[in-house]
Amino acid sequence: MASIATERSSDFYASLQPAEIGRLRPMSESAWRSFLEAGIPAPKNEEYKYLSFREMVSKHFGAPTAFDCTESDLQNFGLADTDGPRLVFVNGRWNERLSHLDAEPGVIVQPFSLAPGFDFEDIGSLAKVGKNPFVDLNTAHLDDGAFVSVNGTAAQPIHLIFVCVGDGHSHPRVWIELAPGARAAVIESHAGAGASFVNSVSEIHLNQDSALEHIRIQTRSETVFDFGWTEVWQESGSDLRSTNTAFGGRLARTDLNVFLNGENCHCLMNGAYFAAGEQVIDNHTRLDHAKPNCNSFELYKGILAGRSTGVFNGKIFVHQDAQKTDAKQTNQALLLSKQATVNTKPQLEILADDVKCTHGATVGQLREDAMFYLRARGIPEKQAKAILVQAFVGEVFENVRCESVRESLQNMLMNKFERNASSIEEM
Amino acid sequence: MKLLEIERLEAKVEEKQILKGVTLGIGPGEVHAIMGPNGSGKSTLAQVLAGNDAYEVTGGSVRYLGNDLLEMDPEVRAAEGLFMAFQYPVEIPGVSNLYFLKAAVNAARKHRGEPELDAFDFSALAKEKAQALGLDAAMLQRSVNEGFSGGEKKRNEIFQMAVLQPKMCILDETDSGLDIDALRIVADGVNGLRSADRGFLVITHYQRLLNYIVPDFVHVMVEGKIVRSGGKELALELEAQGYSWVEAAQGSAR
């Protein structure tokens, strides 16, 4: 305990302290206390087993000082192409100049501070204080955030952009709400550079028969510590199509928790990541089948090059009431180097007796027979590898409905491949 | 100049010597057939010529259009116009036939310093060639060989050959697993590609294929060596007498 107490008084913790605790929101003060109590997860913490926080806690992040960047900075961060409304946050603060708030009728895309119908009471109702230190820390810094509300059909994808520049820590917050029967696509882009610590939390409430495509794209530079927590609540007949992609980060961790709280829900959890160099990319998912007659399909694919580490942990809980659940989980990893490692853990807990649940995990390398076949047709070695890498991830990208985003994801994948082709060739 | 000049070629796989000195020359316009019993090294010869590094060349030389073939990477051999139709075509899920073949065609064009074909021109070319081989155009959108029947896979190999227009074609047991109708389609495809400047090396276990693709020369391979060469009538002789005939002759000669 003594060592923890010392750690809590370390620069790291001091540098994360909100300037005026509780001034912004009453909840923030208890969140900060809860964070201090729990602390950054210790090495033996089962939920963070494969992450080492040593490097991160040795840093002094401090509050960010810059809250602006140029349009060309944004372009250089390589964001997905979208038309339509976009909200841009720089180091956690809303940037009016870079944002386009014009939206179709029934669609509200605004910062918390301006959003009509926004209620601070909702925040924290899904991602609750006291359950996870990163959610606590985010809540301790709660001020502004991105608010999306859709009533009817949003034809244009809604783009939420969170960039980090320079050093410092920031804590983006998102609230997405779909009215009964509403349909929308929301893209969250997490990009930027610097030696930053970014810790975002998104809460998504899908009312009856609504349908959301949610795409999280993380392309931060490989110096950033990126944490992203997403909590989804699905009412009966609702449909979630989630795609979670990670290319960047020194250490990147996502938690996606979906609670199916009504019958006839569909949930697609789709994910792809590409780690290289010394990167650590960790994806945790949790799916609660709480009601009968829901189906879920989960597909995560990881590519690992260099000395990188990948983690996939997928929990599926089928509650006692959730009869006729149909759940399928697949997790695959492709190792492009002998020094790369992947840790994969499916966790199924089934309390209902009339269900169909399957899971499968594979770890493989580029197939030699396929490589030779491509090369024997004249395709150079590097291009042959690129083709097989694309083919491996293809299934995940095919599940993305937004066509322009699908193309952007392909480009991000190939850019990452190009940047690391030399280390891949060493194999 | 010969297209292909193989001199005393020796090769091994996993410490097992398979080719023990193969010598063979193929000129433009010629169709050579290699026949031989199972395990005689026919397919090893095809794999070595295509550049599969699972096989180690331990002696001899191969010149292709006057250049050292064994020094070239497999993709260079292909881009220079050497094509092997695989005995077991590989399935590649997630890569469409059209995308794959376009990449192959453009890699060769790039190698020759020619401009790449765009998707539109390429698609038109591919459809025309597919039709000639009785392949459904929908096949072009499917993943390479995935879920194809044995016959479809072999036809796909000949289709690729027709699109790539190689100078030197090696067919490794293209007839295996084909029924008579599929065999005829494949043979028609090959015959359609015969020309005065293109060479063929047809590897087969059975004489049957050679009724349809009539060779200029027939060679018999036994235990890693060519033990007999002759005209197309040699294939008929083999068919009548069986491989034991040449194996016995080979045995008594030792």
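Guide: What follows treats the interface, then the pockets, then the cavities.

The model is predicted, so that local features need pLDDT of at least 70 and side-chain atom pairs count only at pLDDT 80 or more, while totals for chains, interfaces and linings use all residues. Residues are numbered from 1 along each chain as its sequence is written, chains are lettered from A and ligands numbered from 1 in the order in which they are written, and side-chain values use heavy atoms, with hydrogens and water left out.

At the interface, 18 residues of chain A are in contact with 30 residues of chain B, contact meaning heavy atoms within 4.5 Å. The two chains bury about 1,900 Å² between them, and 66% of this lies on carbon and sulfur atoms; buried area is the accessible area (1.4 Å probe) that two parts lose on being put together, summed over both. Of the area that chain A buries against chain B, 43% is supplied by F372(A), Y373(A) and R377(A), more than by any other three residues.

R377(A) also forms a salt bridge with E157(B), in which the closest N and O atoms are 2.7 Å apart. Three salt bridges are counted between chain A and chain B, each a side-chain nitrogen of Lys or Arg within 4 Å of a carboxyl oxygen of Asp or Glu. On the side of chain A that touches chain B, the elements giving two or more residues are α7 (368-375) and α8 (381-398) of chain A, where helices (H or I, at least four residues) and strands (E, at least two) are DSSP runs numbered from the N terminus. By class, that side has 10 nonpolar, three polar and five charged residues; Ala, Val, Leu, Ile, Met, Phe, Trp, Tyr, Cys and Pro count as nonpolar, Asp, Glu, Lys and Arg as charged, and the others, Gly among them, as polar.

On a 1 Å grid over the protein atoms alone, a pocket is an open set of points with protein on both sides within 12 Å along at least five of seven lines, a cavity is a set of points where a 1.4 Å probe fits but cannot get out, and lining residues have an atom within 4 Å of a point. The second largest pocket holds about 910 Å³, a volume being the space filled by probe spheres set on the points, which are joined across faces, edges and corners. Among its 34 lining residues, E368(A), M371(A), F372(A), N52(B) and D53(B) are the closest to its centre, and α7(A) gives the largest share of the lining, five residues.

The largest pocket has about 1,100 Å³ of space. Its lining of 42 residues has E47(A), Y48(A), K131(A), N132(A) and P133(A) nearest the centre, and β13(A) contributes the largest share, five residues.

β13(A) also gives the most to the lining of the second largest cavity, with three residues. The largest cavity, with a volume of about 90 Å³, is lined by 13 residues, of which E46(A), K49(A), Y50(A), H284(A) and N313(A) lie nearest its centre.
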